[in-house]
Structures are given as structure tokens and as C-alpha cells.
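Have the sequence and the 3D view open as you read.

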Amino acid sequence: MSAWQKFIRPVIRLPWTWRITLGYLAVMLFLPMAAMFLKASTESPSRFWEIATSDLALATYNVTFVTSLLAALLNGVFGTLVAWVLVRYDFPLKRIIDATVDLPFALPTSVAGLTLATVYSDNGWIGSLLAPMGIKVSFTRLGVWVAMVFISLPFIVRTVQPVLQEMEVELEEAAWSLGASQWQTFWKVILPPLLPSILTGIALGFSRAVGEYGSTVIIASNTPFQDLIAPVLIFQRLEQYDYSGATVIGVVLLGISLILLIGINLLQAWTRRYDNK
């Protein structure tokens with residue numbers, strides 16, 4: 001019996017649901033990833049390292065990952081606040097505002113980029129207020145950050161919201177009755193069960209911001225060493241028919257994304273272990 005037969009025979013014996021699932025994942029996920037790694041492997045290790053660590057590539061990594069992290073951290077604070085208000089308070093138009101949080105999911109990213117670039121331009125509604133203070137948003141790295149904040153907000157809100165809904169308000173009232181201040185109640189009663197979901201939301205928002213292209217390419221000037229992000233660099237290399245170079249940058253982003261995925265899974269496992277206690 002050949003090695004291929006030894007591999008395929010257990011697969012054939014699997015139920016149809018398993019076979020369909022494995023086939024779908026193979027076609028839509030595993031094969032494209034394998035093709036990317038195979039294309040990148042056509043470059044020698046020294047050439048791979050040279051492309052992945054070139055000055056331009058390192059500059060795009062800095063813009064992409066640092067800006068994404070700052071956007072995710074900001075949303076970690078304000079996204080939690082938004083989730084708190086939506087869960088703990090009743091007010092007019094609450095359902096509309098709650099649905100609006102998901103707008104970055106439904107809105108085409110190119111439309112979001114065009115809207116943000118217009119609003120934050122020097123003549124825009126918000127940009128015109130910032131321009132006299134010497135703050136320029138559109139077509140700068142700050143604009144990239146604004147776009148990343150916009151598209152990553154729903155991840156934090158929707159991750160924290162279910163946990164807040166399940167938290168018992170009676171625990172907070174018990175802490176107040178025992179003499180705890182509002183800050184002590186938040187720090188010792190509310191934050192501990194909420195922290196894993198906040199960190200998970202930040203990780204998800206960060207991952208989403210890293211891969212963002214449509215909105216950032218419009219609101220940024222895409223100038224090398226200033227506000228050029230890695231996804232745009234990949235597209236530029238493709239336009240230059242440098243397919244292997246684009247693939248190398250893509251493999252680097254994919255590797256970092258896989259590391260983030262592992263981190264997210266560890267956070268989720270931590271959340272389940274905390275809940276079980």
C-alpha cells in the first residue's frame with residue numbers, strides 16, 4: 001500500500017460532513033496558503049531575507065503594525081466604553097446606535113476611505129477644525145490610524161458586549177454595600193472577568209487593521225517611509241510584476257497573522273478557564 005493510499009483511505013471512511021468540510025477548507029484556505037509559501041520558496045534564503053528586511057519593507061512594517069496596535073489600544077478603551085453604555089443604559093435610538101456599530105463591517109472599505117479622506121481633509125468638517133492647529137489628517141500616517149480605528153472598532157465592542165450582558169449587577173451592588181468605592185468596584189469586580197474579552201477584542205481589531213487595504217490606500221498618500229503600509233507595498237510590487245517579492249512580503253504578514261491567531265486562541269482558552277472558575 002502506497003503512502004498516498006494510507007493517507008486517503010481514512011479520509012474516505014469519514015462521514016460526508018467531514019469530507020465536505022475538509023475539501024472546502026483545502027480549496028479555500030490550505031491550498032492558497034501552500035501556493036504562497038511555494039512561490040516565496042522560489043527565492044533563495046538570502047534573497048528572501050533581503051526582500052523581507054529591506055529598508056522599505058521594514059518601514060512599511062513599522063507603519064502597519066505600530067499604527068494598528070495604537071488603533072486597537074484606543075478602541076480597547078473606547079470600545080469597552082461603548083459596549084458598557086449599550087448594555088447598561090436605555091436611551092432613545094439605542095437600537096439604531098447599536099446597529100451603527102456594525103457599519104464598518106457592511107460598508108465597503110473603499111467607501112469608508114473616501115468618506116474619511118473627505119471629512120478629515122483640510123476643507124472637511126473635522127479637518128477644517130484641526131487645520132488651524134497645524135494638524136493634518138488626510139494623506140498622512142495619522143489618517144491611516146484614523147482609518148484603522150474606524151474599521152477595528154466593532155471587534156472590540158462585539159467581543160466585550162456579550163460578557164457585559166452576562167455579568168451580574170448584584171455583584172457590583174454588593175461591593176458598594178460593603179463600602180467599596182466606584183473605582184475599587186471597577187478594578188476588583190468588573191475588570192477581572194472583562195479583561196480577557198477586552199484583550200481578545202484588541203487582538204482581533206489589531207489583526208483586522210494589519211490587513212486593511214481599501215480605506216487606508218485612499219486616505220494615505222502612500223509615500224514610502226512615511227505612510228506606506230505593507231498591503232499597499234504588496235500591490236505595488238504586483239504592479240511591477242515582482243510576484244515573488246510581493247509573495248515574500250505576504251508570507252511575512254501571514255506568519256505574523258498566524259502568531260496573532262495563536263495568541264487569540266490562547267486568550268480565548270484563558271477566558272473559558274476563567275469562566276469555569
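Predicted model: local features only at pLDDT ≥ 70, side-chain atom pairs only at ≥ 80, totals over all residues.

Let's start in helix α3 (residues 45-52), where Arg47 and Glu50 sit 3 residues apart, about one turn of the helix. Helices here are DSSP runs (H or I, at least four residues), numbered from the N terminus. An α-helix has 3.6 residues a turn, so residues three or four places apart point the same way. Arg47 and Glu50 make a salt bridge, with 3.4 Å between the closest N and O atoms; the term means a side-chain nitrogen of Lys or Arg within 4 Å of a carboxyl oxygen of Asp or Glu.

Both partners are partly exposed: Arg47 has a relative accessible area of 33%, and Glu50 has 47%. For reference, buried is under 20% relative accessible area, exposed is over 50%, and partly exposed is in between (1.4 Å probe, protein chains only).

Residues are numbered from 1 along each chain as its sequence is written, and side-chain values use heavy atoms, with hydrogens and water left out.

pLDDT is the predictor's confidence in each residue, from 0 to 100. The protein chain has a mean of 86, with 92% of its residues at 70 or more. Confidence is lowest in helix α1 (residues 3-12), at a mean of 61, and highest in helix α4 (residues 55-88), at 93.

## The other salt bridges

The whole structure holds 7 salt bridges. Asp122 pairs with Lys136, their closest N and O atoms being 3.5 Å apart. This pair links distant parts of the chain, 14 residues apart: Asp122 is in the loop between α7 (109-119) and α8 (127-130), and Lys136 is in the loop between α8 and α9 (141-166). Asp122 is partly exposed at 39% relative accessibility, and Lys136 is partly exposed at 41%.

Glu212 and Arg208 also form a salt bridge, with 2.6 Å between the closest N and O atoms. Glu212 is buried at 1% relative accessibility, whereas Arg208 is partly exposed at 26%. Then there's a network of salt bridges linking Asp98, Asp102 and Arg158.

## Where α4 meets α13

Helices α4 and α13 pack at an angle of about 140 degrees, with their axes 8 Å apart. The axes are lines fitted to C-alpha atoms, for helices over the stretch in contact, and angles run from 0 to 180 degrees between N-to-C directions. On the α4 side, Leu56, Ala57, Thr60, Tyr61 and Thr64 meet Ala230, Pro231 and Leu233 of α13; contact means heavy atoms within 4.5 Å.

Buried residues in helix α13 (residues 230-239) include Ala230, Pro231 and Leu233, along with Val232, Ile234 and Arg237.

## Loop residues to look at

Which residues does Ser215 touch? Not counting residues up to four places away in sequence, they are Thr109, Ser110, Ala112, Gly113, Ala147 and Ile151. Ser215 is in the loop between α11 (182-210) and α12 (216-219), and is buried, at 0% relative accessible area.

Leu93 isn't a glycine, yet has a positive phi of about 65 degrees. Leu93 lies in the loop between α4 and α5 (94-100) and is exposed, at 59%. Tyr241, in the loop between α13 and α14 (243-276), also has a positive phi, near 60 degrees, and is exposed at 65% relative accessibility.

Methods: Helix = DSSP H or I, 4+ residues; strand = E, 2+ residues; numbered from the N terminus.
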